[in-house]
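Please look over the sequence and the structure shown below before you read on. The briefing then goes through selected features, one topic at a time.

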Amino acid sequence: MALHIPKAPGVPQMLKDGARMFSGLEEAVYRNINACKQFAQSVRSAYGPNGMNKMIINHIEKQFVTSDAGTIIRELDVEHPAAKLMVLASQMQDAEVGDGTNFVIVLSGALLEAAEELLRLGVTTSEIAEGYEKALDKCLEILPQVICHEIKDCKNMEAVINGIKPAIMSKQYGNEDFIASLVAKACVAILPEKTTFNVDNVRICKILGAGLLQSEVLSGMVFKREVEGDVTGASKAKIVIYSCPVDITQTETKGTVLIKTADELLNFSKGEESLLEKQIKDIADAGVKVVVAGAKFGDMALHFLNKYGVMAVRLNSKFDLRRLAKTVNATVLPRLTTPTAEELGYCDTVRVDEVGDTRVVVFSMESNESRISTVVIRGSTDNYMDDIERAIDDGVNTFKNIARDGRFLPGAGATEIELAQHLLTYADTLPGLEQYAVRKFAIALESIPRALAENSGANATEVINNIYKAHRENNKFAGYDIDSENSGVCDAKEKGIFDSYVLKYWGLKYAVGAATTILKVDQIIMAKRAGGPKPKAKAGSDDES
């Protein structure tokens with residue numbers, strides 16, 4: 001009979017072997033807060049225009065050099081459950097606003113750091129969480145009073161460029177004017193009259209070579225592909241799009257053909273050829289100048305397409321097919337049939353261009369009303385172009401927010417200090433222990449201008465004192481001037497440093513939500529991981545496990 005060893009009483013008795021459990025302030029709460037502080041600290045140095053870059057090599061050994069918090073946390077597989085909550089909050093911010101991911105992590109990290117001090121003084125977690133909730137409500141109440149700028153007309157290029165520029169400045173300081181004008185041009189061109197603006201309609205095509213200033217915006221789409229046939233251009237072209245291969249049609253059922261003489265064999269292959277020729281002739285007679293397919297073109301089909309002077313383009317991605325169909329207003333056909341007039345698309349010019357030493361196929365629309373525009377980015381390395389793409393992505397998302405809500409708050413840490421100042425006076429009116437949490441919330445808000453100052457190499461305490469001083473003199477748009485040598489203060493409104501109202505509104509909500517959720521955890525119970533050891537991946541495989 002096997003010897004039965006009794007387990008220790010309590011929770012371990014209920015769980016399988018190998019399960020771990022942490023409970024209480026020391027083991028669970030402080031441990032969580034510590035992990036989150038470390039995590040926030042690592043992305044904090046990437047905040048603002050002078051933020052440092054991080055070099056990240058992910059699990060399939062792809063290298064990223066970026067200061068964009070969204071990319072950093074997406075490529076790091078964060079394992080710690082509490083830090084994961086912060087990651088989820090910043091991903092929600094990315095989905096809702098498309099920018100401000102770093103703001104959420106830095107703020108929730110600062111809130112947890114402040115909470116740790118209060119916990120050590122003996123304030124309970126529920127009181128801290130309640131104080132944070134009250135402070136958040138007060139902040140959201142004050143925010144509309146700090147609004148300093150509003151864009152009412154989304155088609156006004158100059159106003160849009162001024163609104164987009166600060167978002168791009170934080171990623172690409174120095175090139176913001178050029179990139180902002182590219183983004184504004186791309187977005188305004190496709191802004192629909194009635195429906196909402198869709199971020200997906202601004203495509204990005206990265207082509208190595210030249211420099212950033214050679215980048216341009218095209219209305220239409222650009223694909224890094226060669227054409228299949230001999231025809232390399234068409235203007236005022238009708239376009240048909242197939243998601244199937246353009247080739248001799250395979251029969252649905254299998255059959256056996258018994259051929260007795262050489263003539264029968266000739267006639268059989270002739271019949272197949274003449275059927276394909278008839279199909280392609282019908283397509284050409286319908287006025288089609290360009291055939292786009294999602295699969296291969298057969299040799300025989302290409303021969304007939306060249307014969308009738310039809311251009312052939314193959315796109316492997318079904319998403320690209322759909323986007324192109326949207327651009328040229330065509331219907332994607334699943335079988336090789338003759339298209340009706342309604343199923344055809346139209347494009348002003350389809351041409352093969354050479355950008356640098358890369359051959360591209362360009363579908364461009366001359367008219368002002370295009371549905372999709374493409375930003376062609378040029379740059380010397382892939383990493384650099386990826387970073388430009390992220391900056392453009394932030395710009396496009398900012399435009400989406402302008403189209404939805406054109407209100408702006410002062411940037412450069414001005415909004416945070418204004419909120420902190422109001423919170424400090426509000427804390428004095430509260431009777432309970434929450435007032436301490438509200439005060440700590442105000443101090444946590446200072447972490448944003450503090451990060452800006454530290455990353456620019458200034459004395460953070462001096463900067464914050466200077467901004468507070470300016471705010472007490474009723475200059476509520478005063479923020480940190482990153483260009484000044486001596487911890488100077490500037491008027492964010494005059495300098496054109498704006499933060500989207502939507503960004504701050506949701507950023508505050510998500511940061512406080514993540515911080516209070518982490519604080520309210522007092523036990524961590526981890527079950528034993530399922531399965532045995534993982535099998536070793538073969539050498540050279542890019543298995544994502």
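The model is predicted, and each value below was computed from its atoms. A search of the whole structure finds 15 salt bridges, and the count of aromatic pairs comes to five.

- R378 is found in strand β13, and because its relative accessible area is 7%, which is under the 20% cut-off, R378 counts as buried.
- The side chain of R378 reaches two backbone oxygens, that of I207 at 3.1 Å and that of L208 at 3.2 Å.
- Leaving aside neighbours within four places in sequence, R378 is in contact with several other residues, including G209, A210, G211, L212, V355, G356 and M385.

**Aromatic rings**

- A pair of aromatic rings is described by the distance of the centres and the angle of the planes.
- Y132 and F441 form an edge-to-face pair, with 5.8 Å from centre to centre and 70° between the planes.
- Because Y132 lies in helix α6 (residues 125–142) and F441 in helix α14 (residues 434–445), this pair ties together parts that are 309 residues apart in sequence.
- Y132 counts as buried at 0% relative accessibility, and F441 likewise counts as buried at 0%.
- F408 and F498 form a tilted pair, with 5.9 Å from centre to centre and 50° between the planes.
- F408 counts as buried at 1% relative accessibility, and F498 is buried with a relative accessible area of 7%.
- Ring pairs also link Y501, Y505, W506 and Y510 into a cluster.

**Charges over rings**

- The charged end of R120 sits over the ring of Y30, 4.0 Å from its centre.
- The charged end of K504 sits over the ring of F103, 4.5 Å from its centre.

**Salt bridges**

- Within helix α6, E141 and K138 are three residues apart, so about one helical turn separates them, and their side chains meet in a salt bridge at 3.5 Å, N to O.
- K138 is partly exposed, with a relative accessible area of 21%.
- K281 forms a salt bridge with D285, the closest N and O atoms being 3.2 Å apart, and both residues lie in helix α9 (residues 262–285), four residues apart, which is about one turn of the helix.
- K281 is partly exposed, with a relative accessible area of 37%, whereas D285 counts as exposed at 53% relative accessibility.
- The side chains of R439 and D428 meet in a salt bridge at 2.6 Å, N to O.
- This pair links R439 in helix α14 with D428 in the loop between α13 and α14, 11 residues apart.
- R439 is partly exposed, with a relative accessible area of 27%, while D428 is exposed, with a relative accessible area of 52%.
- A network of salt bridges links K37, E116 and R120, and R120 is also the residue whose charged end sits over the ring of Y30.

Conventions: Residues numbered from 1 in each chain as written. Predicted model: local features only at pLDDT ≥ 70, side-chain atom pairs only at ≥ 80, totals over all residues. Heavy atoms only, no water. Helix = DSSP H or I, 4+ residues; strand = E, 2+ residues; numbered from the N terminus. Buried < 20%, exposed > 50% of the residue type's maximum accessible area, 1.4 Å probe, protein only. Polar contact = N/O pair within 3.5 Å; in protein donor to acceptor, adjacent residues only side chain to side chain. Contact = heavy atoms within 4.5 Å. Phe/Tyr/Trp six-rings, centres within 6.5 Å; stacked < 30°, edge-to-face > 60°. Lys NZ or Arg CZ within 6 Å of the ring centre and 35° of its normal. Salt bridge = Lys/Arg side-chain N within 4 Å of Asp/Glu carboxyl O.
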